[in-house]
Amino acid sequence: MPSRQPAKKKKERSVFGNIALFTATLLIICVALIAIAGVYFLVIAPPKQPDRLNTSELSDELVFSAEDCTNIFLVGTNDDQTEAGLIALLRLDPERGAVYVASLPTNAQVTLEERTDTLAGYFSYGGVLLAKSATEQLLGVEIDKYVSIPASGAQTVINKFGGATLDLPESVSFSEENGESVNLVKGKQSLDGRQLVTLAKYTGWTSYAGSWDFTGYALCSMLNEYMTENNLENKDALFSLAFNESRTDISALDLLQMTPVLERLVSLNSEGTVAQSIQITGEITADQVFILSDETVHAIADAYGRTLG
């Protein structure tokens, strides 16, 4: 009988060929579908991409509340950090779109528990934390963070920002016991860190109620000048410098959490007016201590919120 073996081999080749043909066809169909989908989504009807938000757009979309505000206690000291020459309370308030500055007389008197002393006295006696508690008692507001910076550190930070421009209402000629001096004429002046720190100690103003009054103006001017997009982009480097030159409980994490607040405030500072000074009034007693007026305490409580008690 004739052998059927050749017919069997022919059948096996046919089955494998069909499988290969089917697989190739399936792959071609898949590739074609992917190509068609790519052309449609990338060329014909690409998905809408979110617009890139600039600072102002981002800030306007965020809703801020009193919980996003931060009260910061600022102390400027001599280089050995034993005496306070500047005491101020700052408030970052994105809800109202402002930075409030209350520069306080260092001889402002307050009673804290069994002790009655000036703010500078509390600092010399117990450091920045005791001075912070005394300021909370004096003003009746809660303080979130503190910064204590010596004169040399303040000069370094100010110079890193490129100094500051102040519009002086009168000419000033002033020399300290250590030999530091400033001789400035009336009008706009570009000042470096040394000049600004020295000028903050000047007490002979006729246009300001006292050195604290001038310091409040100077702090507002510097904040309005420094709150720019460029400085915001370099905030990490600037913060590192300030952190190394001062004693503070503001951390890098705090800075990260404050970033939306800073973006909001910078976006509103196009005219350089976001920082506002709170006027400090009162009277000096025969003992040369300053008693804050009720109007000042009420104004600060209204601006700074989160009153104690």
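Predicted model: local features only at pLDDT ≥ 70, side-chain atom pairs only at ≥ 80, totals over all residues.
Axes here are lines fitted to C-alpha atoms, for helices over the stretch in contact, and the angles between them run from 0 to 180 degrees between N-to-C directions.

If you then colour by accessibility, buried residues account for 42% of the 309 residues in the chain, while the exposed surface comes to about 17,900 Å², of which carbon and sulfur atoms supply 54%. Of the contacts with a separation of 6 or more, 62% join residues 24 or more positions apart.

Next, select helix α8 (residues 235-245) together with helix α9 (residues 252-267), whose axes come within 11 Å and cross at roughly 140°. Angles over 145 degrees would count as roughly antiparallel and those from 65 to 115 as roughly perpendicular, and α8 and α9 are therefore oblique to each other. Their crossing is right-handed. To see the contact itself, show side chains for K235, D236 and F239 on α8, and for A252, L255 and T259 on α9.

Finally, move to helix α10 (residues 294-304) and select T296 within it. Is T296 buried or exposed? With a relative accessible area of 2%, T296 is buried, because buried means under 20% on that scale. Leaving aside residues up to four places away in sequence, T296 touches Q279, I280 and T281.

Conventions. Residues numbered from 1 in each chain as written. Heavy atoms only, no water. Buried < 20%, exposed > 50% of the residue type's maximum accessible area, 1.4 Å probe, protein only. Contact = heavy atoms within 4.5 Å. Areas by Shrake-Rupley, 256 points an atom, 1.4 Å probe, with all protein chains shown as cover. Helix = DSSP H or I, 4+ residues; strand = E, 2+ residues; numbered from the N terminus. Parallel < 35°, antiparallel > 145°, perpendicular 65-115°, else oblique. Left-handed = near helix turned anticlockwise from the far one by under 90°.
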